[in-house]
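Subject: Structure handover

Hello,

Here is the structure for your files. My notes on it follow below.

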Amino acid sequence: MAELTALESLIEMGFPRGRAEKALALTGNQGIEAAMDWLMEHEDDPDVDEPLETPLGHVLGREPTSSEQGGLEGSGSAAGEGKPILSEEERQEQTKRMLELVAQKQREREEREEREALERERQRRRQGQELSAARQRLQEDEMRRAAEERRREKAEELAARQRVREKIERDKAERAKKYGGSVGSQPPPPAPEPGPVPSSPSQEPPTKREYDQCRIQVRLPDGTSLTQTFRAREQLAAVRLYVELHRGEEPGGGQDPVQLLSGFPRRAFSEADMERPLQELGLVPSAVLIVAKKCPS
């Protein structure tokens, strides 16, 4: 009687008959609430409308006897005769309670789905924050590596400049030792003869322009040339060192010492001239020098 009442209630609430019977059977006929829970949980299953195969009377493969079939039919008819008849008001009240129960189950399901959606959103945001923090850490590491690389390059550049300065000092010391004593002990070059005095006392000499840099072109014995800009107060030894560092390898492997000559007027620069500034030697703002092989002494 309870099963029939629950089945009819489920059918009146709009559930298909086959689905309602399957829900009652799978929940052990524990009532309409358990059957509704099953229907709400399995409404999206692809096999929810497939009939439940539960043949009556098949026990270990044995067909029911005629007496068992008669007993089943008798019990069914007795159950049908003993079913209470509900009035229209009672049926409507029962249907109303069932609909309220369905609505309550639907609200509970929506609330559960909403909680699950909120949890998924929190997880998504947490994962996004972790990803953003990882990207920020990666960017900071890249910036730190770039700063270290710049510091390393700057240190290497300073070390290279220091090596060049040390090489200039060693070269000066070696040349002073080779030519005997300090370079400053050599006699200074002869002073130039005074030029003619201008005939007109009212004529003033033009103002000499001061230059901070000079452009030196050096012609090598093989026909090629080197061009570099130096400071006006830099020594001629810097030009000679630049030529020695940048001239090509000569046949035979050895490198002869560099002898610098001026093009016009023709002049060979001595070791004492190597210590003099370019401005003092008259090589400012530009000059052309010639490299000649110096015979070893």
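The crossing of H2 and H3 is right-handed; a crossing counts as right-handed if the near helix is turned clockwise from the far one by less than a right angle, and as left-handed if anticlockwise. This is a predicted model, in which local features need pLDDT of at least 70 and side-chain atom pairs count only at pLDDT 80 or more, while totals for chains, interfaces and linings use all residues. Residues are numbered from 1 along each chain as its sequence is written, and side-chain values use heavy atoms, with hydrogens and water left out.

Helix H2 covers residues 17-26 and helix H3 residues 32-41; the two pack at an angle of about 115 degrees, and their axes are 8 Å apart. Axes here are lines fitted to C-alpha atoms, for helices over the stretch in contact, with angles running from 0 to 180 degrees between N-to-C directions. Helices (H or I, at least four residues) and strands (E, at least two) are DSSP runs, numbered from the N terminus.

On the H2 side the contact is made by Arg19, Lys22, Ala23, Leu24 and Leu26, and on the H3 side by Ala35, Trp38 and Leu39. By class, that contact has six nonpolar, two charged and no polar residues. The classes are Ala, Val, Leu, Ile, Met, Phe, Trp, Tyr, Cys and Pro as nonpolar, Asp, Glu, Lys and Arg as charged, and the others, Gly among them, as polar. Contact means heavy atoms within 4.5 Å. The buried residues in H2 include Arg19, Ala20, Lys22, Ala23 and Leu24, where buried means under 20% relative accessible area, exposed over 50% and partly exposed in between (1.4 Å probe, protein chains only).

Next, the loop between these helices. Thr27 sits in the loop between H2 and H3 and is buried, with a relative accessible area of 13%. Its side chain reaches the backbone oxygen of Ala23 at 2.7 Å; a polar contact is a pair of N or O atoms within 3.5 Å, and within protein one must be able to donate a hydrogen and the other to accept it, with residues adjacent in sequence counting only if both atoms are side-chain atoms. Leaving aside neighbours within four places in sequence, Thr27 is in contact with Ala34, Ala35 and Trp38. Asn29 is partly exposed, at 43% relative accessible area.

In helix H3 there is also Glu33, which is partly exposed with a relative accessible area of 43%. Not counting residues up to four places away in sequence, Glu33 touches Leu101 and Lys105. The C-alpha atoms of Glu33 and Leu10 are separated by 10.0 Å, with the two residues 23 apart along the chain.

The buried ones are Leu236, Ala237, Ala238, Val239, Arg240, Leu241, Tyr242 and Val243.

Strand S3 (residues 258-262) has five of its five residues buried, so S3 is largely enclosed by the rest of the structure. Both of its faces are covered, with Val258, Leu260 and Ser262 buried on one side and Gln259 and Leu261 on the other. Gln259 counts as buried at 16% relative accessibility, and its side chain reaches the backbone oxygen of Phe269 at 3.0 Å.

S3 is joined to strand S4 (residues 267-268) by two bridges, and the strands run antiparallel; two strands pair if DSSP finds at least two bridges between them. Ser262 has Arg267 in S4 as its bridge partner. The hairpin from S3 to S4 passes through four residues.

Pro285 lies in the loop between S4 and strand S5 (286-293). The peptide bond from Val284 to Pro285 is cis, with omega near 5 degrees. Most residues other than glycine have a negative phi, and most peptide bonds are trans.

For the chain overall, there are six helices and five strands, in the order α-α-α-α-α-β-β-α-β-β-β from the N terminus on. Of the 297 residues, 22% count as buried. Among contacts between residues at least 6 apart in sequence, 58% join residues at least 24 apart.

Regards
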